[in-house]
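User: I would like to go through this structure with you, one topic at a time. Could you put it on screen first?

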Amino acid sequence: MQQWAEWGIETAVRRGASYADARVMDIRQRDITTKNEEVGTLVEAETLGIGIRVIVNGSWGFASTDRLTRDGVQACAAQAVAIAKASSLAKREDVGLAPENAYVDTWQNPFLKDPFRIPVERQIDLLLKANEEMLRVKGVTLAEGSMSFKRIDQLFVSSIGSSIHQIKMHSGAGIVATSFAGSEIQKRSYPNSFGGQHALQGYELVESLDLVANAQRTGEEAVELHSAVQCPEGTSTIILGGSQLGLQIHESIGHPIELDRVLGQEANFAGMSFLTTEKLRKLKYGSDIVNVVADARLEHGPGLGTFAYDDEGVPAQCTPIITDGLFTGYLSSRESASSIGEKRSGGTMRTESWNRLPMIRMTNISINPGTWSYDDLIADTDDAIFMETNRSWSIDDRRYHFQFSTEIGWEIKGGKKGRMIKNPSYSGITTEFWNSCDAICSREHWTLWGTPNCGKGQPMQTMGTGHGASPARFRNVKIGVAFSK
Amino acid sequence: MAAKAKKSRLKRVKGAGNVRLGAHVSGAHFSASDLEDIAESILKFSEADETEVEIDSTVEALTRFANNTIHQNVAEQTLNISVRAVLDGRTARATTNKIDDESLRRVAASAMSLARNEPKSPDLLPMLRQQKYHPVAHFFPATAAATPMDRARAVTRVCKMAGANKQTAAGIFSTGFVQTLLTNSKGLLARHDYTESEFSITILEEKSSGWAKANSPDVAEIDPEVLAASASRKAAASREPRELKPGHYTAILEPSAALDLVGSIFYDFSATAVMDKRSCLNDRMDRKVVGENITLWDDVYHPLQLGAPWDGEGMPRQKVLLIDHGVPKNLVYSRASAKKMKTKPTGHGFTLPNDFGEAPMNLVFGGGDSSVEKMIASTERGVLVTRLWYIREVEPYEKVLTGMTRDGTFLVEEGKISSGIRNFRFNQSVLAALSNVEMLGPAVRGAGEEAFEMVVPAMKINNFHFSEVTKF
């Protein structure tokens with residue numbers, strides 16, 4: 001790997017690059033799905049290549065190849081330089097980079113069990129058993145399960161002297177029960193929708209989820225939803241379960257704080273952000289109890305946004321995003337930090353694979369735990385709907401107006417959890433919503449959820465992000481609009 | 001065997017360093033014979049009962065601009081070698097991009113090893129022998145040969161145009177080509193080479209924006225300046241947008257907006273989705289579910305459609321009538337779902353193994369003769385929508401979707417555009433929307449961001465539910 005990267009850097013610098021970096025990535029992936037007691041997908045994939053990024057004449061160029069011969073890598077570097085020269089045709093000013101030190105380091109995330117060493121037969125068997133348990137429930141018309149594992153072995157080398165080798169192991173698993181009856185399709189997922197829980201861990205994550213033991217309840221809830229009460233339309237107090245709050249953070253905090261969006265670089269596709277730079281350290285983003293961090297460090301937890309260095313060689317950091325309700329920080333890169341006068345990048349440049357340019361991505365964007373026990377929060381709530389497990393999510397391209405629906409809800413009346421609610425949904429304006437938060441559960445209810453499917457960029461890149469959250473209460477929220485006629 | 005490997009070619013793939021890249025077009029990653037040699041080696045190395053090899057060699061480049069300057073400019077060469085092994089009634093897949101002999105042996109062995117360790121699949125059918133395909137022509141040498149300078153010059157022109165108008169441009173210009181090969185140990189061999197190009201632009205003013213996008217296999221069909229001018233006009237026309245109360249309005253959806261809305265129904269026509277009871281067509285086939293003016297086909301051979309003329313197993317794709325004057329008439333089938341439902345496959349299966357079976361990927365809506373201008377002129381009060389954004393399914397059986405309008409939303413009053421308006425959220429059943437289509441435009445190749453490209457008309461839809469409004 002080192003040799004390939006050095007060929008790329010040497011060629012780029014020799015051809016006129018004022019800065020160059022190279023990422024060699026060797027990625028191995030295993031995906032297993034089951035459906036109604038049969039194996040659906042069973043795929044192993046590997047990919048190896050190099051991406052070379054350069055600045056020439058004050059403009060960026062990037063090229064990538066899987067031809068890892070000396071000629072192949074040098075041609076790739078030369079192409080990156082030629083592309084940068086073309087970029088400079090439309091240049092308005094030279095790219096500036098916030099200063100950063102050179103690092104030579106090696107890092108691997110800790111895990112207990114290598115999922116690629118666990119027999120695939122055992123992994124399939126676990127999913128099939130979970131399918132079987134769900135299908136035992138009368139009314140379940142579709143039972144599904146999935147596992148995915150990824151090992152990323154990557155080397156970053158830059159012309160300022162960094163050489164950083166990192167190995168990351170991702171694991172994920174989940175189950176889904178679907179029930180079709182009459183004119184309604186209902187479903188329940190465990191432990192979360194869209195593939196379950198994902199983390200920077202080994203197979204121990206899958207074992208900790210105990211999919212089989214949770215399968216019957218998952219199936220029963222899917223069927224029971226058909227006879228549940230429809231979510232009313234109006235204004236209400238809501239309590240969001242931890243995984244739903246994680247996605248709420250992702251969409252209404254994580255994306256708007258991406259500095260490339262703020263600076264207009266995503267205007268054509270992912271969109272921009274309402275968090276324009278004059279709002280930094282001035283906007284009251286949330287209520288006083290809302291504290292949110294962007295934390296890529298291992299001590300935050302084994303999230304999908306955990307690493308030692310980002311993909312432009314900046315060490316992992318913890319950036320306060322919302323401090324006692326005040327907006328205090330962006331996700332930044334060396335270039336974007338420089339352009340708003342920050343002294344250093346926040347270390348959030350990440351790439352999906354060797355053939356993609358690193359871009360600003362969420363790391364672990366987490367809300368700090370509050371002080372409430374879950375039981376006390378319910379007991380303290382007179383009239384509300386508890387909403388759990390995301391079903392659909394949508395937000396405008398500046399991240400003001402959102403609408404979420406969840407798979408399931410429960411009435412909270414007089415401090416007690418009551419009837420099941422079907423088709424729960426809520427909507428609102430980002431800052432109004434976060435300012436209505438009046439209770440957050442404590443550390444013992446806090447989970448670092450993994451979102452494996454965050455899309456951004458052109459060409460599109462899919463990235464895993466982490467979101468630590470515990471159940472939280474919000475007042476005066478609009479509910480039920482999604483199903484209004 | 002698909003093609004006899006020549007000794008000299010097989011020698012080339014023994015080590016990545018020995019590969020000579022005999023390109024058939026400028027900049028090609030691998031030549032056609034290189035890909036056949038790789039496939040041939042895998043078929044030789046595989047010890048499975050049956051083996052299928054699919055190879056995609058891709059060369060793509062994308063120039064991205066924002067704030068009237070190029071801020072990202074990328075190129076990639078990638079190879080994807082995907083091997084499916086069948087062993088004693090079981091099947092699994094392994095993929096790699098490494099082409100040395102050891103890696104090719106390993107990918108073949110890996111697919112077989114995975115298959116060995118799973119239960120038998122009762123639905124698995126023998127691999128196909130050689131098939132006959134209708135030719136499609138989607139390769140344009142000028143697109144494959146486009147350079148970073150070509151893209152940069154076009155981008156520079158539209159950025160200068162935006163600057164001159166005191167506007168800000170952001171977007172992409174991409175070009176590329178892909179060579180695909182599908183072969184198997186039963187003698188099937190299929191090849192499809194195609195080029196692609198795309199230009200998308202957003203023009204921003206302080207409180208408004210406009211957008212335009214087009215794609216084509218022939219870069220000569222793309223006119224960045226025409227698209228930029230259209231986006232510019234929309235941004236200018238929606239300055240100082242008014243806030244309109246949410247409610248039910250007549251909506252005029254331009255083709256991109258119509259595409260992203262109706263594109264969500266493609267998977268409902270999958271036979272597997274119906275068997276799994278997750279299709280909105282469960283218990284609705286042969287009953288009128290949308291308006292009589294709605295007819296829908298899947299047709300990869302339509303002149304405005306793209307794609308290979310075979311499916312994931314190499315079955316020839318057929319043109320299928322999905323909705324006939326408001327009535328869903330046919331589903332699409334893979335070989336396995338056709339066998340289960342006692343009918344014939346239509347050539348719409350995904351690569352095996354998979355959970356989802358099949359889907360129509362080349363939708364073609366029947367159009368009408370009403371231009372957008374005619375739709376506006378006939379509307380007393382309504383909303384003109386350029387594009388939709390962040391569309392997600394709220395309820396799967398009535399097919400209720402939510403999403404936002406974006407980059408050019410206008411109030412239409414007394415047959416004219418009266419002003420730009422703030423963007424709406426909608427919560428709308430697609431089935432209900434397609435039951436309320438009053439006018440259809442000519443079907444064109446639409447380009448959106450939420451659904452894959454299809455041939456779709458602009459639509460004037462009555463009683464469209466805009467449920468909330470945002471702040472811009």
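This is a predicted model: local features need pLDDT of at least 70, side-chain atom pairs count only at pLDDT 80 or more; totals for chains, interfaces and linings use all residues.

User: What does chain B contain in terms of helices and strands?
Analyst: Chain B has eleven helices and 19 strands. Its radius of gyration is 24 Å, close to the 23 Å that the globule rule gives for 472 residues, so chain B is as compact as a globular protein of that length.

User: What does the C-alpha trace of chain B span along its principal axes?
Analyst: The span is about 75 × 55 × 35 Å.

User: And how many of the residues in chain B count as buried, as a percentage?
Analyst: Of its 472 residues, 58% are counted as buried. As for contacts in chain B with a separation of 6 or more, 73% of them come from residues 24 or more positions apart.

User: Turning to the cores, which residues have the most contacts inside the largest nonpolar one?
Analyst: They are A:Ile52, A:Ala80 and B:Ala111, in a core of 274 residues. There is also a second, separate core of five residues, with B:Ala144, B:Phe177, B:Val178 and B:Tyr194 among them. In soluble globular proteins, nonpolar side chains tend to be buried together.

User: Which residues does A:Ile52 touch?
Analyst: Leaving aside residues up to four places away in sequence, A:Ile52 touches A:Gly8, A:Ala12, A:Ala20, A:Ala22, A:Phe62, A:Ala63, A:Cys76, A:Ala77 and A:Ala80.

User: Now strand β13 of chain B: mostly covered or mostly uncovered?
Analyst: Strand β13(B), residues 400-413, is mostly covered, with twelve of its 14 residues buried.

User: In which sense does β13(B) pair with β12(B)?
Analyst: The two pair in the antiparallel sense, over eleven bridges, with β12(B) covering residues 381-395. Within this pairing, B:Leu388 is opposite B:Thr405 of β13(B). The hairpin of β12(B) and β13(B) has four residues between the strands, and B:Lys399 takes a positive phi near 60° there.

User: What about β14(B), how many bridges join it to β13(B)?
Analyst: Four bridges join them, and the strands run antiparallel; β14(B) comprises residues 416-420. B:Val412 stands opposite B:Ile417 in β14(B). These strands also form a hairpin, with two residues between them, and B:Glu414 in the turn has a positive phi of about 50°.

User: And how does β15(B) pair with β13(B)?
Analyst: β15(B), residues 424-429, pairs with β13(B) in the antiparallel sense over five bridges. B:Gln428 in β15(B) is the bridge partner of B:Leu401.

User: Different topic. How many residues of chain B are in contact with chain A?
Analyst: On the chain B side there are 75 residues, in contact with 72 residues of chain A. Strand β2(B), residues 69-87, gives the most to the chain B side, with eleven residues. By class, that side has 29 nonpolar, 28 polar and 18 charged residues.

User: In which sense does β2(B) pair with β3 of chain A, parallel or antiparallel?
Analyst: β3(A), residues 59-65, and β2(B) pair in the parallel sense over three bridges. One of the bridge pairs is A:Ser64 with B:Glu76 in β2(B).

User: What does the domain assignment give for chain B?
Analyst: The assignment gives domain 1 as 7-62 + 75-142 + 179-197 and domain 2 as 241-472. Their centres, taken over C-alpha atoms, are separated by 34 Å. The contact takes 20 residues from domain 1 of chain B and 16 residues from domain 2 of chain B. By class, the domain 1 side has nine nonpolar, six polar and five charged residues.

User: How is chain A divided?
Analyst: Chain A is divided into domain 1 (2-227) and domain 2 (229-483). The centres of these two domains, taken over C-alpha atoms, are 21 Å apart. The contact takes 45 residues from domain 1 of chain A and 41 residues from domain 2 of chain A. By class, the side of domain 1 has 16 nonpolar, 19 polar and ten charged residues.

User: Last one: in what order do the strands of the four-strand open sheet in chain A come?
Analyst: The order is β13-β12-β11-β16, with antiparallel pairing. β13(A), residues 326-327, and β16(A), residues 365-367, are the edge strands, each pairing on one side only. Three bridges join β11(A), residues 292-295, to β16(A), and A:Val293 stands opposite A:Ser366 in β16(A).

Notes:
Residues are numbered from 1 along each chain as its sequence is written. Chains are lettered from A and ligands numbered from 1 in the order in which they are written. The radius of gyration is taken over C-alpha atoms; the globule rule is 2.2 Å times the number of residues to the power 0.38. A residue is buried if 20 or more other C-beta atoms lie within 10 Å of its own, exposed if 12 or fewer, and partly exposed in between; C-beta atoms are placed from the backbone. Two residues are in contact if their C-beta atoms, placed from the backbone, lie within 7 Å. A nonpolar core is a set of buried Ala, Val, Leu, Ile, Met, Phe, Trp, Tyr and Cys residues joined through C-beta atoms within 7 Å. Two strands pair if DSSP finds at least two bridges between them. Ala, Val, Leu, Ile, Met, Phe, Trp, Tyr, Cys and Pro count as nonpolar, Asp, Glu, Lys and Arg as charged, and the others, Gly among them, as polar. Domain bounds come from an automatic or database domain assignment.
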